[in-house]
Each structure stands twice: as C-alpha cells, then as structure tokens.
Amino acid sequence: MKASAFSYARATSVLNAIELLVAHGERAKVLSGGQSLMPAMNLRLVAPELIVDIGALRELRGIAVSGGLVKIGALTRHADLLKSSEIAAQAPLLRDAVAQIAHPAIRNRGTIGGSLAHADPASELPACMVTLNATIVAQGPAGERRIPATDFFTGIYETALSPQELLVAVELPAAPKNSAHFFCEFARRHGDYAIIGLAAQAIVENDRLTDFRPVFFSVGDRPQLAKAAAGLVKKAVTPVLLSEVSKALSEELDPPEDQQATSSMRRHLAKVLLARCVAALLGRPDLDTGGAM
Amino acid sequence: MTAPLPISLHVNGERVDAQVLPRVNLADFLREQLKLTGTHVGCEHGVCGACTVRVDGEIVRSCLMLAVQTQGASVETIEGLSDSGEIADLQAAFRDRNALQCGFCTPGMLIAAQDLLKQEAEPDRERIREHLAGNYCRCTGYQAIIDAVEVTAQARRGQKP
C-alpha cells in the first residue's frame, strides 16, 4: 500500500523542528531515517498530517567520546555505529546489537534516535540503552531534558517523550575495563524481528559477575531487566545456582504470545539465552546447558 | 501543504528537476514520473528488497524513502548501473548460472550484490548470503545467485572460476 497524503516540512534547525512540533502536536510525526515510520505509513498504521523531516540536521549526527562518556547524535545511522572504531572500543555491545538489525540497505538509513523514539518492544537498541544505563537527551520548548533509559520506554511504541519534544542524543558510560558483554537474539531469519533477545553487560572479576545487567527484549511491552539475575552476582556460579536463577527468571517474565512464538516458548528461550550469556561472560562453556534445566 | 514540492536531484548522472507530492516514495517517483521501471515494487514496507537503489553511493530501500528526501542527492538505479557497464560481469554471471527466473528480484539483487563486491574483494558464501539476506527471491532457491556472486568476486580478483 501507499502512505496517505500528508504535508511535509524540512526542518532547518533543531529549534525549527521543535517549533513545528509545538504548532502541530500529535498531528505531526518526526521523520528521521524512516525505516520504521515509512513501513507504518505505507501500511496505513499511522497517518500523520505533517511530516517533520529532520534528516538535514547535521548537528544531530556523530559520535563523540570524552571523559568516559560516549555521546551519540540522534541521526547517527546503524551503519555508522557498525563502522565506528569508537563504538567498537567504548560500547562494543552496541556494535554487536546493530549487526543484528535488519539488512545493510535498512542500516544505511535507520538511525539510533529513530529506533529509540519508535520504541518497538522487539527492537535491539532500546534494550541496549537500558543495559548500558544510557541517558536519553530530549529537547523541547522548555529546553533540554535528560531521561534515564530505564524510565524512557513506557509501553509498546510509547516513550517518555512529549509530542513537542525531539530526541537529540543519547549518552552512555564507556564500557569499563574488565567489563564483558553479550548480545544474542533468536529470529526466524537473520535480520527479522527478534522472537526474543538478550543484551547484557557485566564486570568480571575473579570469575565472578558484578554490575550484571541482563536486559531481555521482545518479552513484553518494553525492555526488561532480569531482576532474578541479581542471584548470580558476586557468587561462584554453579549449574545448580544457574538453574535456580533460571527458574526465578521464568517466574519473573510474563512474555506475550503471538504468531512467532507462544509464551512458554519465549520463557524457554529466555533460559537458553541466560545460560549462554553467563557461560560467555564467565568463559565457562560448561554452564551453557542449552536450556535443559 | 500537501501540494507538490519542487526537488532537484541527480538520477543516473543526469540532473532532474521535478514536482512531487510529499506522499510519493522514491520507488514510485522513479517508476511513474521518470519511467525508470527497472526498480521493482514488491512489498512496499521494506521487507523484500526488490526496490533497492543507491542513494549517494549507498544502497537503500526506495519504498522506505520519500522522493522529497532525495533533494540534492545522487540516485542510481539498475538502469544506471546497467548502462554504465559497472555490473556487466555480474549480469553475465547471473545469466550463465541461471541466477534468475522470473526476474522480479533481479535488479535489487544485482544492486545489493554489487554493494558487497565493492566493499569486499573476497566475500565467502556466508558473507554473500548475509549481505543478500534482505532480498527475497521466490524462484531460484538462492544457490545459483550465491554462485553467480561468488564467481564474479573470483573473476574480479583475477582468478578463473
């Protein structure tokens, strides 16, 4: 199908974009890379009256690292993240996650800001932002607002952004020394929407995990930090302990059922992912039991 | 403001000035206004890859880009890549290996394959599969397509297949 008719404005600055959003409110939609918005418009799932195209705002593109902080402009494309040596060194979780996003032609257009503002529960980057304790930087008529990623995602396609606000950047702490990360998702075909996925980072010291943040996606209406995983922190992980934590994880998650998978299949896959994750982070292949626990 | 807007861009090296409605995507603009029908329209939501074109040297889905977004850009379609001879060897390999049947996916497949071959001299079959994973073919079963891309890569490195 084709998108329904709309008006189009090419924003000339961040302030200009915000003026347009203030004037048109919920009748307007921000167009960044368009790789989620355009399909939704072509399928007539959304029909905005006005498209505010921010694609020409170069100041929103780029990656800067300073003082242990990685700042990524909203218009930075998935392809840019994938090629960036700064991201590979300072936020390797993101590099691994981006490689799983769709296909090269999509990654050449899709942007980090667009993906986060769209807040699809099956998408990779929102989960990574929660894992990495990122801060979402939004700009609106009242100025700049900084929102912790843990508070940013509020539901399916819903975020803490108001219709007058523009997501301009994200900031995340650079990966600490002796940190390890893990990213894995299950999809029927590489690049498809994930049935379930896990983005995790931890500090590994003396074969133990600290600051362990495993965040599941496609298990609910927003990325979900597995609270049960606290049971693995600062402990010598044995198959028995991992099995107990997996059971608790299973009780904690309440994944949806859809055409791709049943709720119990997602629960099972969550256990498989957790075991793979802990085995990979600790370098203990013996813990990867394939979910038989 | 839903009225047509003026855009200026380059398409296959030629300057184009046109008026387009904001809702018109790049694929429909190329096909219907410029009559460049080599760009195919399949799913219209970014899944099938039949509408793959190059914008400023990078492959994109032309169904997921508005024509008005190409203001000032350089767009290359299968007609451009074909006429310039850039992919003549790849096209010949597709023909030799029977890497197409109905031909619907072929323009997108060729552009995506050329994108890989430009970036990597020695892609193995796994890499070729990965790079073409966003392009659907319903006829060939893909094996012949992978073969064609692989032999083209070998030939460009100066190896005999």
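How many residues does the contact take from chain B, and how many from chain A? Here are some notes to read beside the structure.

1. **How to read the model.** This is a predicted model, in which local features need pLDDT of at least 70, side-chain atom pairs count only at pLDDT 80 or more, and totals for chains, interfaces and linings use all residues. Residues are numbered from 1 along each chain as its sequence is written, while chains are lettered from A and ligands numbered from 1 in the order in which they are written.

2. **Where the chains meet.** To answer the opening question, the contact takes 25 residues from chain B and 27 residues from chain A. Two residues are in contact if their C-beta atoms, placed from the backbone, lie within 7 Å. On the side of chain B that touches chain A, strand 4 (58-61), helix 4 and helix 5 (125-131) of chain B each supply at least two residues. Strand 4 of chain B gives the most, with four residues. Helices (H or I, at least four residues) and strands (E, at least two) are DSSP runs, numbered from the N terminus. By class, this side of chain B has 11 nonpolar, eight polar and six charged residues. For these classes, Ala, Val, Leu, Ile, Met, Phe, Trp, Tyr, Cys and Pro count as nonpolar, Asp, Glu, Lys and Arg as charged, and the others, Gly among them, as polar.

3. **Domains of chain A.** Look for domain 1 (7-53), domain 2 (63-173) and domain 3 (179-287) in chain A. Domain bounds come from an automatic or database domain assignment. The centres of domain 1 and domain 2 of chain A, taken over C-alpha atoms, are separated by 19 Å. Between them, 13 residues of domain 1 of chain A are in contact with 18 residues of domain 2 of chain A. Helix 1 (residues 14-24) of chain A gives the most to the domain 1 side, with five residues. That side of domain 1 of chain A has six nonpolar, six polar and one charged residues.

4. **Domains of chain B.** Chain B has domain 1 (5-81) and domain 2 (87-156), and their C-alpha centres lie 22 Å apart. Each of these two domains of chain B gives 13 residues to the contact. On the domain 1 side, strand 3 (52-55) and helix 2 of chain B each supply at least two residues. The largest share, three residues, comes from strand 3 of chain B. By class, this side of domain 1 of chain B has seven nonpolar, five polar and one charged residues.

5. Which residues of helix 3 (residues 88-96) of chain B are buried? They are Leu90(B), Gln91(B), Ala93(B) and Phe94(B). A residue is buried if 20 or more other C-beta atoms lie within 10 Å of its own, exposed if 12 or fewer, and partly exposed in between, with C-beta atoms placed from the backbone. An α-helix has 3.6 residues a turn, so residues three or four places apart point the same way. Turned away from the buried side of helix 3 of chain B are the exposed residues Ala88(B) and Arg95(B). The cover over the buried residues includes helix 2 (78-83), helix 4 (106-119) and helix 6 (143-156) of chain B.

6. **An enclosed helix.** Helix 8 (residues 124-131) of chain A is largely enclosed by the rest of the structure, because eight of its eight residues are buried. Among them are Leu125(A), Cys128(A) and Val130(A). Helix 8 of chain A is followed by Asn133(A), whose phi is positive, near 55°.

7. **Two loop residues to check.** Arg44(A) is not a glycine, although its phi is positive, about 60°. You will find Arg44(A) in the loop between helix 2 (37-42) and strand 3 (50-53) of chain A. Arg44(A) counts as exposed because it has 11 C-beta neighbours inside 10 Å. Asn98(B), in the loop between helix 3 and helix 4 of chain B, also is not a glycine and has a positive phi of about 55°. With 14 C-beta neighbours inside 10 Å, Asn98(B) counts as partly exposed.
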